[in-house]
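Please look through the sequence and the model shown below before reading on.

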Amino acid sequence: IDNWVKMQEEYDCYYMIANLHSLTIRNNPEELKNNTLKILAIYIAAGLDPDKNTIFIQSQVKEHAELGWILDCYTYMGELSRMTQFKDKSAKHADNINAGLFTYPALMAADILLYQADLVPVGEDQMPMIEQCKEIVHKFNSVYGETLTDPQIVLPSNKACLRLPGIDGKAKMSKSLGNGI
């Protein structure tokens, strides 16, 4: 988020609270709503200025799901099955291997492409997802011409922020791994 705060001074930024992505695990609806609002509060408390940025909740923009579906249709199962995040989460949660988890990269691509984003600030753990997004862009544009913007990855300049370890000292920090703050 520190990187985002710096970017708001130079770029026209859109920051999304990705609550549709959280549906890949079963959620209590009231808890999901409260967590979504807590994330909004964290963004603002960390220094994201709503007057300088567009901060929004993913599920309130139906075009995310619509473009996600279109991109699902342009993404091959073999490509999705190679994604390390899918493999890791499938192995750890064998009782919850669902279609949303499998097509997660296409929805993430929609989140980026809907806004014709040039730059996408992420940690290194998200690089495979952005590379998948770029593949989708190339495939889509080869059919329809230069329609979608090919986004570029922006990694944190602080090497310590490339991948935040969980509070257990292992893997990345993740609520689904139970090792987050």
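Which residues in α3 meet which residues in α7? On the side of α3 they are His64, Ala65, Leu67, Gly68, Leu71 and Asp72, and on the side of α7 they are Ala106, Leu107, Ala109, Ala110, Asp111 and Leu113, where contact means heavy atoms within 4.5 Å. By class, this contact of α3 with α7 has eight nonpolar, two polar and two charged residues; here Ala, Val, Leu, Ile, Met, Phe, Trp, Tyr, Cys and Pro count as nonpolar, Asp, Glu, Lys and Arg as charged, and the others, Gly among them, as polar.

This is a predicted model, in which local features need pLDDT of at least 70 and side-chain atom pairs count only at pLDDT 80 or more, while totals for chains, interfaces and linings use all residues. Residues are numbered from 1 along each chain as its sequence is written, and side-chain values use heavy atoms, with hydrogens and water left out.

The protein chain has eight helices and four strands, these being DSSP runs numbered from the N terminus (helices H or I, at least four residues; strands E, at least two). Along the sequence they follow the pattern α-β-α-β-α-α-α-α-α-β-α-β. Of the 181 residues of the protein chain, 38% count as buried, where buried means under 20% relative accessible area, exposed over 50%, and partly exposed in between (1.4 Å probe, protein chains only). Among contacts between residues at least 6 apart in sequence, 67% join residues at least 24 apart.

To return to the opening pair, helix α3 (residues 63-72) and helix α7 (residues 104-113) pack at an angle of about 125 degrees, with their axes 8 Å apart; axes are lines fitted to C-alpha atoms, for helices over the stretch in contact, and angles run from 0 to 180 degrees between N-to-C directions. That angle makes α3 oblique to α7, since angles under 35 degrees count as roughly parallel, over 145 as roughly antiparallel, 65 to 115 as roughly perpendicular and the rest as oblique. The crossing of α3 and α7 is right-handed, a term used if the near helix is turned clockwise from the far one by less than a right angle, and left-handed if anticlockwise.

How many of the ten residues of α7 are buried? Nine of them are, so α7 is largely enclosed by the rest of the structure. The buried residues include Pro105, Met108 and Ile112, and what covers the buried residues of α7 includes β1, α3, α4, α6 (99-102), β3 (119-121) and α8.

With α8, helix α7 packs at an angle of about 75 degrees, the axes being 9 Å apart, and the two helices are therefore roughly perpendicular to each other. This contact is made by Tyr104, Pro105, Ala106, Met108, Ala109, Ile112 and Leu113 of α7 together with Met129, Ile130, Gln132, Cys133, Ile136 and Val137 of α8, and its residues divide into twelve nonpolar, one polar and no charged. Isoleucine 130, in helix α8, is buried, with a relative accessible area of 0%. Leaving aside residues up to four places away in sequence, isoleucine 130 touches Met108, Ile112, Val120, Val122 and Ile153. Lysine 134 also lies in helix α8 and is buried, with a relative accessible area of 13%; under the condition that residues up to four places away in sequence are not counted, lysine 134 touches Asp150, Pro151 and Gln152.

Charged pairs come next. Side chains of opposite charge can pair when their charged atoms come close. The structure holds six salt bridges, each being a side-chain nitrogen of Lys or Arg within 4 Å of a carboxyl oxygen of Asp or Glu. One of them joins the side chains of glutamate 79 and lysine 139 (2.7 Å, N to O), linking helix α4 (residues 77-81) with helix α8 (residues 127-144) across 60 residues, and both glutamate 79 and lysine 139 are buried. Salt bridges that share partners join Lys62, Glu63 and Glu66 into one network. Another salt bridge is formed by glutamate 9 and lysine 52 (2.7 Å, N to O); glutamate 9 is exposed, with a relative accessible area of 55%, whereas lysine 52, at 38%, counts as partly exposed.
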